Amino acid sequence: MKSTSWTKEWLVIAHSDYDNTWHPLTIHLTLKQATAFAHDARYIHRLDKGKIKVVTDDEFEKMKVPA
């Protein structure tokens, strides 16, 4: 089985209350890097409230489907 732990396919995204959309906070990261970024002291309270998520690039593209 091939390891995919080094692939940079994860994003940290944030919710905007202004226009009710999600936008990326980071470039593509590994899962460990994205989790570490989201658990940083500046973002931990927003992560607890669900205002920040760690998602794959494919999940983020599905979220951006026009209404």
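Select A14 and H23: A14 stands opposite H23 in β2. The model is predicted, with local features requiring pLDDT of at least 70 and side-chain atom pairs pLDDT 80 or more, whereas totals for chains, interfaces and linings use all residues. Residues are numbered from 1 along each chain as its sequence is written, and side-chain values use heavy atoms, leaving out hydrogens and water.

**The hairpin**

Strands are DSSP runs of E of at least two residues, helices are runs of H or I of at least four, and both are numbered from the N terminus. β1 and β2 pair in the antiparallel sense over 4 bridges; strands are said to pair if DSSP finds at least two bridges between them. The two strands form a hairpin with 4 residues between them. In the turn, select N20, which has a positive phi of about 55°.

Next, select S16, which lies in strand β1. S16 counts as buried, at 17% relative accessibility; buried means under 20% relative accessible area, exposed over 50%, and partly exposed in between, with a 1.4 Å probe and protein chains only. The side chain of S16 makes a polar contact with the side chain of D19 at 3.1 Å. A polar contact is a pair of N or O atoms within 3.5 Å; within protein, one must be able to donate a hydrogen and the other to accept it, and residues adjacent in sequence count only if both atoms are side-chain atoms. S16 also touches T21 and H23, leaving aside residues up to four places away in sequence; contact means heavy atoms within 4.5 Å.

**The sheet and the helix across it**

Which order do the strands of the open sheet follow? The 3 strands are arranged as β2-β1-β3, with antiparallel pairing. β2 and β3 stand at the edges, each with a single partner strand, so one side of each is left without a neighbour in the sheet. Neighbouring strands are turned by 40° against each other on average, direction ignored. β1 and β3 pair over 5 bridges, and selecting I13 shows this residue opposite K53 in β3.

Axes are lines fitted to C-alpha atoms, for helices over the stretch in contact, and angles run from 0 to 180 degrees between N-to-C directions.

**Salt bridges**

How many salt bridges does a search of the whole structure find? There are 2, a salt bridge being a side-chain nitrogen of Lys or Arg within 4 Å of a carboxyl oxygen of Asp or Glu.

Select K51 and D17, whose closest N and O atoms are 2.9 Å apart in a salt bridge. K51 is partly exposed at 26%, while D17 is exposed at 56%.

Then select R42 and D40, which form a salt bridge with closest N and O atoms 2.9 Å apart. R42 is exposed at 56% relative accessibility; D40 is partly exposed, with a relative accessible area of 26%.

**Helix α3**

Finish at M63 in helix α3 (residues 57-63). M63 is partly exposed, at 34%. Beyond residues up to four places away in sequence, M63 touches I13 and W22. The C-alpha atoms of M63 and W22 are separated by 7.9 Å, although these residues are 41 apart along the chain.
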